[in-house]
Structure formats: C-alpha cells, structure tokens
Amino acid sequence: MTTQNVPQKVSLLERIQPAVGGREILDPATVEVVGRAPEATMEDLDAAVARARAAQPGWAARSDADRAERLNAAAEAIEAHAEELAVLLSREQGKPLNGPNARFEVGACVAWLRATASFPVGPEVIVDDESGRAELHHRPLGVVGAIGPWNWPMMISIWQIAPSLRMGNTVVIKPSEYTPLSVLGLVEVLNTVLDPDVLIAVPGRGDTGDRLTRHPDIAKIMFTGSTPTGKKIIAAASETVKRLTMELGGNDAGIVLDDADPTAIAEDLFWGAFINTGQTCAAMKRLYVPDALYDQVCDALVAIAGQMPMGVGLDEANVLGPVQNRAQWEIVDRLVTAAQDSGARILIGGDPDPEVIAGRGGHFYPTTLVADIEEDNPLVVEEQFGPVLPIIRYTDLEQAITAANALEVGLGSSVWSSDLDRARAVAARLEAGTTWINKHGAVDPRIPFGGAKESGFGLEFGTHGLREVSQSHVIAW
Ligand code: NDP
C-alpha cells in the first residue's frame, strides 16, 4: 500500500493563509512569524457584503430551531479544533495557553454559542385585554457588520456572530489588524457547519472598518474597541441610520470596604485586574482601598503577583503573557513612568527589561502594582490596558465613590465586602453598566452586559442581546 493518495491533514493556518504574499503576523512574545494574513481590498469588502446580503433571506428562512441547531453544531466544530485554535490564539495574541487565557477563551466561544442557541426569542405579548392585543416580534435586520479588537479576538467575535446569526442575520466581520489569524481560523471552523456566505471575514485595517461602517447594505454595526474609534463609527454610521452596539473602553474602579478580608479577596482582586495580562475591557483598572486595610491589601496582592509566572504563551507554566503590541506597551510604560515620576511607590514590577525598552524581543511588561498614587495621576485616570494596577488610598467612603464615578467611562465596577447589604448599597451608587460584588469582570452569557457613559451603549448576551440584533416589529389588533 502506498501513502501517496492518503490526504494529508491541512492545518488551520495553512487553510487561512494566502497562497502567496500576505502580511506577516508576529508573535508578541517571541517576535517570530506566526503566519501571513490576507488583506481584503475595498472591492473584496464590497463583494463580501453583496454575498452576505444575497445569503441572508435563505438563512432567515430557516426555522429558528434550525439556526439554533447550527450554533450548537458550530460549538461542536470548535471543540473538535479546540487545541489548534488555542495554540494559534496564544501565538498571535500572546496570551498563555493556561490560566484565564487561550484555552479558556476557546472554551468561552463554545459556551457562548451553546447559550445563545438556547435563549427564547419568540414574540412577546405586550397587551392582551379587552382593548385588544399587541405582540412584539423580532425580525432579522439584514447584514450585520462586526468590528473587533485584539485582546479577546475569538471570544468577542463569537459575542457578535452568535446572536446575529441566531436572529437570521448574516455577518461580515473585520478583525483587528493585530489578530486577524485568530478570527480567520475561528471563521474557517464555523464555516464547516454554516451555509455559504452566512459568515464572511474581511481582514483589513481601520479604513476597511470605516467602509463597513458606511456601507449602505450593512444594517447594523457591532463594535468592540476604543472610545475614540467608537465615536468615529457613531458619526459614520449616522449617514445610513445604522443600528449600533458599542462596547468601548473602560477604566473600571474596584472599591474595597473596610469590613473586607484582604487575604480572602486578594486572589480574586488580582485576577479581576490582571486577567489576560490586564488587556480586558472590563478588567479592574484602579483599586480604592480604605486606610485601615491599605497595607494588608497591598501586601496580599504583592504576594500573589509574585507567584504568577509570565512568559511565552506556549509554555504550559505561564499564566501571564506579553502586551499584545508595541503601541500598547508604550502606553503602559508611559503611564507607569508618569506614576513613578509623581512619587508613587512601585510595590512590585515596573523596570522593564532594557532589551524590551530598546524594542528588541517580546513586548513583556512586568506585573506591576503601584501604591500611594494620587487620584488625578494619569495611571489612574487613563486606561492602562496592561499588567499594571494603581492602588489608591481613601479615608472616607464617599470620597472613593465620588472618585469611582468621576471619569467619563463606566463599563464595569466592583465592591468588595463581607457585608452583602452594605456592598449592594454602594453598588447602587456606581455609574457603570455592571457592578460586581466580591468579583470583577465575571461575564456570563445569560447576563446582559454593556456600558454606561462613554463606555458605550447597547446590551450583549442573553435575550437582551438577541433583541439588539433584530428589528422590532409590533403587530396589534
Ligand atoms: P481601536 O478602537 O483602534 O480598534 C478596534 C477595531 O476598530 C479594530 O478592528 C480596528 O481596526 C477598527 N477600526 C479602527 N479605526 C476604525 C474606523 N475609523 N472605523 C471602523 N473601524 C475602525 O482599538 P486599538 O486596537 O487600536 O486599541 C486602542 C485602545 O483601545 C487600547 O489602548 C485600549 O485602551 C482600547 N481597547 C479597548 C478594547 C475593549 O475591549 N473595549 C479592546 C481593545 C482596545 P485596526 O485594528 O485594523 O486598526
């Protein structure tokens, strides 16, 4: 028997790379080439939108149960490729395989697909009495344009894709230029079970996203990224009165109350801030701690931070990775330097490797905790989006609540206490889309998630998220 005719297994990376050319994507931990990403032209984008538009009526004509079944099949397809996807994600994004990172992210894709397949979407009866009856139906919008970031590229794509498809829309998705391979790999796997042209990825840069935002055949934009880009999208989308879901930047505050147990909460505080090496929209980015507990909380956090290995993602021991790109590394470095220059105290970290400062090697920034920092320091008022947490001392709880609410953003927030009633009373006063108690950033596919103030608008997840990717249609008699 000869092996000549036995088909060789083609890797996901080989399937998504162009035959020739493409843009080299570097591993942020090693600066080695991960692969080559195709770049869509504007004509490619227009053709993708036209194909998705042509496919939409057929997809919408399938029964809801059928579409839900496709989402479950998509979850299975991801499970079948889970390790390959996790390795690709780890290499391109930098996040380690272990900890709340690459394998966790692939698992979240599966969980969100299954959950999104299960939520009820039937018509809601709004009025049913002697005056008559009114039903609220949820129809597809058409083609949804999805634009995503580089921090959780697969999971956030699923947050955009799954509800859109469930509601009978088709999707054109533009990944971040930093992490196109992760999203192309994910879409390749999903497309093994979806109808042709129901989901199309168009890798490109900001101008590709801008065209998608202005495209007359795109009914809605789902966007996750920075507030400045979000403002541009809001302006551009107004030309065609597009529906929008905007999940923008945050600068989440955590407030420890004086009855909390520092040792008991320290590990959850740490991961609330350092999940994905701090590169998470709803991570804790400033921590307010009362005088009475200040030193204990700082010591407990330092002890935990010192135990968490940071390094190359494919090394199974690591749970923290590099900053994903040099531009973001420079933001982190600038903010820590500003804190140091102002006299704040570095408890652990700071002091990046001179080789990295010089632009050589992976974009690692040490896990950094900063104490005795003023409320108006740039590290407190700007979003660091990296492995750094400022710990701000307060004497009066009112002062901490005022400071937490002082910024123009309000994505998440948290209150840490042994007294649930007290924590709930403080939570009710925080200006944010979500306030967690004794945890931070714990998103759940059943629970609506969205921002307050300049952190955006529109809810994702659960039945609320399904409504946001549909056209409301009242039928009354
Ligand atoms: P951006 O907001 O610039 O990018 C997000 C997405 O929008 C990318 O796909 C980007 O494409 C695309 N885009 C850029 N310009 C336009 C435009 N005019 N119209 C439509 N789409 C556009 O975020 P960055 O990745 O540059 O990160 C900058 C900052 O944003 C970070 O420092 C962090 O503070 C915050 N951020 C917040 C995230 C969150 O989850 N809320 C996630 C990532 C970042 P391309 O990448 O090709 O430019």
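This is a predicted model: local features need pLDDT of at least 70, side-chain atom pairs count only at pLDDT 80 or more; totals for chains, interfaces and linings use all residues.
1. The largest cavity has a volume of about 70 Å³, and H6 gives the most to its lining, with four residues. Among the residues that line this cavity are Trp112, Phe119, Trp159, Pro163, Phe461 and Leu466. By class, the lining of the largest cavity holds nine nonpolar and three polar residues, with no charged residues.

2. Searching the whole structure gives four cavities of 30 Å³ or more, and the second largest cavity contains about 60 Å³ of space. Strand S15 (409-410) and strand S16 (412-416) each supply at least two residues of the lining of this second cavity, which includes Asn251, Arg286, Asn405, Leu430 and Glu431. The lining of the second largest cavity divides into five nonpolar, five polar and two charged residues.

3. Turning to the pockets, where does the largest share of the lining of the largest pocket come from? That share, six residues, comes from H9, while H8, strand S8 (220-224), H9 and helix H12 (326-341) each supply at least two residues of the lining. The largest pocket has a volume of about 1100 Å³ and is lined by 43 residues, of which Phe223, Gly225, Ser226, Thr227 and Thr229 lie nearest its centre. By class, its lining has 17 nonpolar, 16 polar and 10 charged residues.

4. Two of the helices named for the largest pocket, H8 and H9, also meet each other, for the axes of helix H8 (residues 206-214) and helix H9 (residues 227-237) come within 8 Å and cross at roughly 35°. The crossing of H8 and H9 is right-handed, and the contact is made by Asp210, Thr213 and Arg214 on the H8 side and by Ile233, Ala236 and Ala237 on the H9 side. These contact residues divide into three nonpolar, one polar and two charged.

5. The second largest pocket has a volume of about 350 Å³ and is lined by 21 residues, of which Ile275, His440, Gly441, Ala442 and Val443 lie nearest its centre. By class, the lining of the second largest pocket has 15 nonpolar, four polar and two charged residues.

Technical notes. Residues are numbered from 1 along each chain as its sequence is written. Side-chain values use heavy atoms; hydrogens and water are left out. Axes are lines fitted to C-alpha atoms, for helices over the stretch in contact, and angles run from 0 to 180 degrees between N-to-C directions. A crossing is left-handed if the near helix is turned anticlockwise from the far one by less than a right angle, and right-handed if clockwise. Contact means heavy atoms within 4.5 Å. Ala, Val, Leu, Ile, Met, Phe, Trp, Tyr, Cys and Pro count as nonpolar, Asp, Glu, Lys and Arg as charged, and the others, Gly among them, as polar. On a 1 Å grid over the protein atoms alone, a cavity is a set of points where a 1.4 Å probe fits but cannot get out, and a pocket is an open set with protein on both sides within 12 Å along at least five of seven lines; lining residues have an atom within 4 Å of a point. Grid points are joined across faces, edges and corners, and a volume is the space filled by probe spheres set on the points.
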